Amino acid sequence: MCRSIKTLRPPAIPEEATEDEIRAAALQYVRKVSGFRAPAAHNREVFERAVDAVAVATAELLGGIEVRGGRRGA
């Protein structure tokens, strides 16, 4: 996988991941999968939708992960 995507859950980070950190990871993932650092104008909309979808899925995942016996998220 992409080495520039950092782990967003404890103990890798001390606090809950921020929206900016989640979005940055989603962007890195979509860049890696698509092979584009920045999409051409005709691909921008689908690229941004993919980043949004990955960010939502990431936040959902992080909210549901149990870390060291304690449930994270609401």
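Me: Which residues does Pro 39 touch, not counting residues up to four places away in sequence?
Reply: Pro 39 touches Arg 44 and Phe 47, where a contact means heavy atoms within 4.5 Å. This is a predicted model, in which local features need pLDDT of at least 70 and side-chain atom pairs count only at pLDDT 80 or more, while totals for chains, interfaces and linings use all residues. Residues are numbered from 1 along each chain as its sequence is written, and side-chain values use heavy atoms, with hydrogens and water left out.

Me: Where is Pro 39 placed, and is Pro 39 buried or exposed?
Reply: Pro 39 sits in the loop between α1 and α2, and it counts as buried because its relative accessibility is 11%. Buried means under 20% relative accessible area, exposed means over 50%, and partly exposed is in between, using a 1.4 Å probe and protein chains only.

Me: What pattern does the chain follow along the sequence?
Reply: The pattern is α-α-β-β, made of 2 helices and 2 strands; helices (H or I, at least four residues) and strands (E, at least two) are DSSP runs, numbered from the N terminus. Of the 74 residues of the chain, 24% count as buried.

Me: OK, which residues are buried in α1?
Reply: Ile 22, Ala 25, Ala 26, Val 30 and Arg 31 are buried in α1, and the buried residues of this helix pack against α2, which covers 44-64. Just after α1, Gly 35 takes a positive phi of about 80°.

Me: Why are α1 and α2 called oblique to each other?
Reply: Their axes come within 8 Å and cross at roughly 125°, the axes being lines fitted to C-alpha atoms, for helices over the stretch in contact, with angles running from 0 to 180 degrees between N-to-C directions. Angles under 35 degrees count as roughly parallel, over 145 as roughly antiparallel, 65 to 115 as roughly perpendicular and the rest as oblique, and α1 and α2 are therefore oblique.

Me: What relative accessible area does Arg 9 have?
Reply: Arg 9 has a relative accessible area of 33%, so this residue is partly exposed.
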